[in-house]
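Here is a quick tour of a model, going from a sheet to an aromatic pair and then to the packing around it. Have the viewer open while you read.

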Amino acid sequence: MDIQKYIASGILEEYALGLTSKEENLEIEGLLAEYPQLRQELNNIEEGLELLAAAESTPPPPELKQQILNQLPPKGPQAVDQQATPTPKANTANLAPSSPFHWMMQLPWLLSLGLSMGLGLASCMYFTQKAEKEKLLGRLEEQKNQQTGLTKDVDSLNALLLACEEERNILSQPALERLELPGTEGHPDKRATIFWNPQAQQTYLLAGQLPKLPDNQSYQLWAIVKGKPVDLGVLSNEAKKGSILPMKSVLQPQAFAITIEPKGGSASPTLEAMVTMAPVG
């Protein structure tokens, strides 16, 4: 490599001024490490540039320092008082935005703004939580009503199941006899069914087979024993259709009959109001 020719190309000056490319920098740094003469030449160039910069530089004017100091904010309470007082009104108007007094004058307004924002946020959170609470209470009340309705339904089903179980036990009695009571002359649309256990002397009536009567009248069941009527009870108008109603006990009945009596029943049957009758056996 021709060292003098490389130095004469001026590339070392460009390198010292930062004007060479990245690839040229890599090449120059490699040559500097390999050739000490190039390193010495580069040092001479850098020293010369520093001397030139020092010779060309201009010192700042002496009053520049005082001008800069005058632009700085005063320090300490005494300096603040000297600049802040002739009159409070004039002082407030002339305060710069960066002055500490400027922020102190704005502090009440800032506190009020912050307090208002805090109250607004707290109010929003309060009403939001209140609405959520009322919504949850509404759901709980709705679920409570549903649970109450389900409890009533379960109670009704349990009562119906118990009634069915009792009727099944009645109908499963081995000695139980069934007797159909057809309508009498003039009452062909009326009929009834009697279940009678002669051993246990128990009598049952199948409800819901007779037409509904006015509120001031009732059906009454009679048994004929030794030629005389025996009261076996009054049929309830509220009896569920198809249910089996237990009636009064009777010993060796000869026949069963139903009459229409005043509400609550009578001590003796109204024969002209007999609607059904059938002999036993």
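## The open sheet

Start with an open sheet of 4 strands, ordered β1-β2-β3-β6 and paired antiparallel. Keep in mind that this is a predicted model. The edges belong to β1 and β6 (244-246); each has a single partner strand, so one side of each is left without a neighbour in the sheet. Going from one strand to the next, the twist averages 25°.

Strands β2 and β3 (residues 202-206) run antiparallel and are joined by 4 bridges. Here W196 stands opposite T203 in β3.

## One aromatic pair

How many aromatic pairs does a search of the whole structure find? It turns up 1. The partners are W196 and F256: their ring centres are 6.3 Å apart and their planes sit at 65°, and since over 60 degrees counts as edge-to-face, that is what this pair is.

W196 is in strand β2 while F256 is in strand β7, so the pair ties together parts that are 60 residues apart in sequence.

## The nonpolar cores

F256 shows up again in the largest nonpolar core, which has 24 residues; along with L181, I194, Y219 and I258, F256 touches the most other members. At least two residues of this core come from each of β1 (177-181), β2 (192-197), β4 (217-225), β7 (255-262) and β8 (274-279). The largest share is from β4, with 4 residues.

There's also a second, separate core of 12 residues, with Y6, I11, I28 and I45 among them.

Back to I258: what is this residue in contact with, leaving aside neighbours within four places in sequence? The list for I258 runs to L181, A192, L205, L210, Y219, Q220, L221, A273, M274, V275 and T276.

## A buried threonine

T259 is also worth a click. This residue is found in strand β7 and counts as buried, at 0% relative accessibility.

Leaving aside neighbours within four places in sequence, T259 is in contact with S218, Y219, Q220, W222, P269, T270, A273, M274 and V275.

Key: Residues are numbered from 1 along each chain as its sequence is written. This is a predicted model: local features need pLDDT of at least 70, side-chain atom pairs count only at pLDDT 80 or more; totals for chains, interfaces and linings use all residues. Side-chain values use heavy atoms; hydrogens and water are left out. A nonpolar core is a set of buried Ala, Val, Leu, Ile, Met, Phe, Trp, Tyr and Cys residues joined through side-chain atoms within 4.5 Å. Buried means under 20% relative accessible area, exposed over 50%, partly exposed in between (1.4 Å probe, protein chains only). Contact means heavy atoms within 4.5 Å. Rings of Phe, Tyr and Trp (its six-membered ring) pair if their centres lie within 6.5 Å; planes under 30 degrees apart count as stacked, over 60 as edge-to-face and the rest as tilted. Two strands pair if DSSP finds at least two bridges between them. Axes are lines fitted to C-alpha atoms, for helices over the stretch in contact, and angles run from 0 to 180 degrees between N-to-C directions.
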